[in-house]
Each structure stands twice: as C-alpha cells, then as structure tokens.
Amino acid sequence: MENKRVAFQTYGCKLNFAETSTISKSFIDKGYEVVDFKEEADVYVINSCTVTDNAEKRCKEAVRRAKRLNPKSKVAIVGCYSQLRTKELEAFENVDFILGNKEKFKLINHVENFDGNCFSSNEAILKDKDFSPAYSIDDRTRTFLKVQDGCDYYCTFCAIPFARGRSRSDTVENTVKQAMEVVAQGQKEIILTGVNIGTFGKGRDEKFYDLLIALEKVEGLERIRISSIEPNLLTSEIIDHVAQSKKILPHFHIPLQSGSDEMLALMKRKYKREVFENRVKSIKEKMPLACIAADVIIGFPGETEEHFMDTYQFIEELPLSYLHVFTYSDRPEAKASQMEAKVKPADKKDRSKRLHALGEQKKRDFYRINADTEHIVLWEGAHRNGKMNGLTENYVPISAPFDESKINTLETVKLEKVNTEGEWVV
C-alpha cells in the first residue's frame with residue numbers, strides 16, 4: 001500500500017503517551033506516515049484508559065469517529081481497556097484489533113498480516129516480569145520517559161494492577177541509556193513516569209533515589225521532572241536532594257485521594273493524612289516556591305458530607321498549588337465496587353464542583369506568590385495565535401510573542417503580568 005497513514009489517540013496517564021510513541025515508531029519504521037486523529041488514515045490506534053467509566057466511553061467514541069473519517073480503515077484499541085474488557089470490545093462493532101498491555105507493542109505485525117477478522121489478545125499480565133521501555137517523541141522539548149510499570153498496592157478503588165500487573169522496572173543503567181537516547185534527539189527535559197515510580201528498583205538493590213542521582217549525570221540533560229509519586233515513597237532523602245539539585249525540578253505531584261483517615265483506610269492507602277501533610281510542609285520549608293499538585297477522589301463508597309469536609313478543610317489549610325479531582329466510579333475488578341453505601345450522583349456532582357473551585361483558588365494563590373520572582377522557562381514549539389508557550393521549573397505556564405529562535409531554549413524571566421488565560425506574559 002502506497003502512502004500508508006496511521007493516526008493515534010491516547011487517553012489516560014503520561015505513561016500511555018510514552019508507550020504510544022513507541023508503538024508509533026514501529027509504524028514509522030514500516031513506512032507509515034503519522035497524521036492527526038482528525039484526518040483520514042488507513043489505521044487508527046486508540047491507546048486506552050480504564051481508570052473511570054468515562055474513560056472507557058471516550059474510547060468507544062473515538063472508534064466511531066475513526067470510522068466516520070474512513071469507513072474502510074482498520075481500528076485498534078490497545079492498552080488497559082483492552083486488557084480488562086476484551087469480551088465487551090469484541091462485541092463492539094468496527095474494532096479490528098483488541099490488544100492488551102503485553103501484546104500492544106506488536107500491533108504493527110498484526111496490522112501487516114490482517115486477514116479481515118477481528119484479532120483479539122489480552123495475554124495474562126498479573127505475573128508478568130518483563131519491562132518494556134518507552135519514551136514519547138512528539139515534543140521537541142520535553143519527553144515522558146517510562147521508568148516503571150505495574151503496581152503492587154491494590155487500592156480498593158483501582159483496577160490498574162489488574163490491567164498492568166505487578167511493579168517492575170529496568171535497571172538504573174538501562175534507564176540512563178534511554179535518557180541518553182532522548183537527549184541525543186535534542187530534548188532538554190525528561191518527565192519520569194510510570195504507574196508507581198517510587199517503587200522503581202523493586203527486586204534489585206536499587207531505588208528511585210539512585211535513579212535520580214544517575215540521571216543528573218547525563219550530559220546535555222537540563223531538566224528532570226518527577227511525575228506522580230506516593231507520599232509514603234516520597235522520602236526525606238528525595239526531598240532534600242531536589243531542594244539542592246540544579247536539574248531535578250521543584251515540582252511534585254502527590255496523590256492524596258482523601259483527607260479523611262477513615263476513607264484512606266477504606267481505600268487501603270498506605271499512609272495517613274499526617275504523612276501527606278508532613279511531606280507538603282517539608283517541601284515548602286525547603287523550596288517555598290515549589291509547585292505541589294494533589295490527586296483527590298470524591299464520592300468513594302461510604303463518604304459522608306463530614307468525610308468530604310475533612311478533605312476540603314485539610315486541603316484548604318495546606319499550601320497546595322493545584323488539584324486533580326476525580327469522581328469515583330465503580331471498577332468491576334476493584335474491591336470498592338462491592339462496597340455498600342454508594343454516594344448519590346447529585347452529592348458527587350456537588351462535591352466535585354466545590355473541590356474544583358477550591359483547586360482553582362489554590363492555583364491562583366500559587367501564581368500570586370510567584371509574582372515578581374525570576375524563573376527559568378523552557379520554551380516549547382507550539383505556535384498559537386502568534387504566541388509561544390513554556391513552563392518554568394516550578395510548572396508555571398508562560399506566554400510570549402512567537403520567536404522561532406527561542407524554541408527548546410532556556411531563558412530566565414521575571415513574572416510580572418498575567419493574561420486572561422491565566423498565563424504569565426513576558
């Protein structure tokens with residue numbers, strides 16, 4: 001086939017984005033042109049998420065959208081949704097390939113050998129010990145580097161351990177080699193990503209802290225950003241090191257999930273709220289302008305208005321920078337789906353609205369304390385309405401008139417003015 005075209009749609013976590021890039025490279029190597037998912041393509045690939053019911057619905061909508069663009073196209077759903085809902089997807093028309101998390105990297109082989117029948121595979125992953133490295137290649141300045149996969153925690157609200165298996169990672173040495181490949185392509189910033197990155201090195205005499213130390217020595221790597229890390233795994237050793245590091249950025253994403261110890265126990269989280277509070281205060285003591293984000297779940301079974309207000313007031317009193325608010329939805333594999341005392345949809349909606357408002361206030365407060373301070377911004381390549389954008393080391397969005405010569409460069413700027421979109425203008 002001449003001029004073969006493939007389009008990708010990725011849902012869910014940063015880890016999915018890294019893995020989509022690895023899958024796309026296998027198509028490029030076979031002569032495919034990668035186009036936007038809104039364009040006509042011969043193959044559409046949907047890298048799926050199953051964290052919420054809504055995430056699964058969006059995957060199905062993407063299938064319908066692809067078939068409208070090209071009724072003769074081949075459509076693949078790969079990843080977590082495919083791993084857990086194979087039979088459901090087999091009954092869903094217009095899907096040609098359904099590949100779980102072990103098989104998805106072989107998608108190109110199945111496409112090239114397509115016999116006209118739906119191909120489905122969700123090989124068991126719970127005991128998988130193999131680690132498949134990946135990193136994103138779509139951005140000229142920043143890269144999501146996969147350093148870990150799977151999770152051993154089995155929180156009662158979460159299906160991801162069933163979709164991705166046990167915690168596993170590569171060696172520090174091999175991960176550094178991946179980082180060196182990224183740097184060789186010109187990227188200046190790496191975002192370390194995984195399912196539970198704080199467990200990096202499990203089963204070996206290595207830890208996540210050791211990886212940070214090794215990555216700092218990679219020549220040409222200017223910035224290292226840590227993605228989500230559990231509060232019980234964010235050690236004082238890591239916080240102290242980030243505080244004095246010239247490469248590891250003062251930006252922390254720490255899952256809270258609830259500010260109620262009773263809810264945390266029902267969720268089977270491995271900490272109490274005091275641990276989270278201590279981590280946040282320690283970071284702010286050592287890095288006053290550090291950005292600290294938190295994930296929060298509202299509407300977990302058994303959550304009363306009092307539990308919710310515990311969470312609300314706990315967050316209100318902490319110097320957090322922004323929130324990711326998730327509304328609980330049952331995942332059939334997770335234990336919470338069998339719990340009673342489900343929260344009414346109207347209560348979920350109301351609590352979500354209130355917590356989102358608090359998150360927006362936290363973000364405004366964070367931007368305010370950064371006013372009239374100097375930061376280093378990495379300028380990105382996106383050109384929007386004559387503007388270019390970038391992020392400071394502490395994750396503040398910056399906007400400036402487009403200047404192609406600045407793309408992928410670092411510049412010290414002073415934050416003086418905010419535009420209507422909430423970006424600092426320099």
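A polar contact here is a pair of N or O atoms within 3.5 Å; within protein, one must be able to donate a hydrogen and the other to accept it, and residues adjacent in sequence count only if both atoms are side-chain atoms. Keep that in mind for Ser 136, whose side chain has a polar atom 2.8 Å from the backbone nitrogen of Phe 144.

Before going on, note that this is a predicted model, where local features need pLDDT of at least 70, side-chain atom pairs count only at pLDDT 80 or more, and totals for chains, interfaces and linings use all residues. Numbering runs from 1 along each chain as its sequence is written, and side-chain values use heavy atoms, with hydrogens and water left out.

**Ser 136**

Where does Ser 136 lie? It is in the loop between strand 6 (119-121) and strand 7 (142-146). Helices (H or I, at least four residues) and strands (E, at least two) are DSSP runs, numbered from the N terminus. Leaving aside neighbours within four places in sequence, Ser 136 is in contact (heavy atoms within 4.5 Å) with Phe 17, Ala 18, Ser 21, Arg 142, Thr 143 and Phe 144.

**His 307**

His 307 belongs to helix 12 (residues 305-317). Its side chain reaches two backbone atoms: the oxygen of Gly 302 at 3.3 Å and the nitrogen of Thr 304 at 3.0 Å. Not counting residues up to four places away in sequence, His 307 touches Ser 260, Glu 262, Met 263 and Gly 302.

Buried means under 20% relative accessible area, exposed over 50%, and partly exposed in between (1.4 Å probe, protein chains only). Here is how some residues come out:

| Residue | Relative accessible area | Class |
|---|---|---|
| Ser 136 | 6% | buried |
| His 307 | 9% | buried |
| Cys 151 | 11% | buried |
| Cys 155 | 8% | buried |
| Val 34 | 40% | partly exposed |

Val 34 sits in strand 2 (residues 33-35).

**The cysteines**

A disulfide is a covalent bond between the sulfur atoms of two cysteines. The rule used here asks for a pair of cysteine sulfur atoms within 2.5 Å, and the count comes to zero disulfides. Seen from Cys 155, the closest cysteine sulfur is the one in Cys 151.
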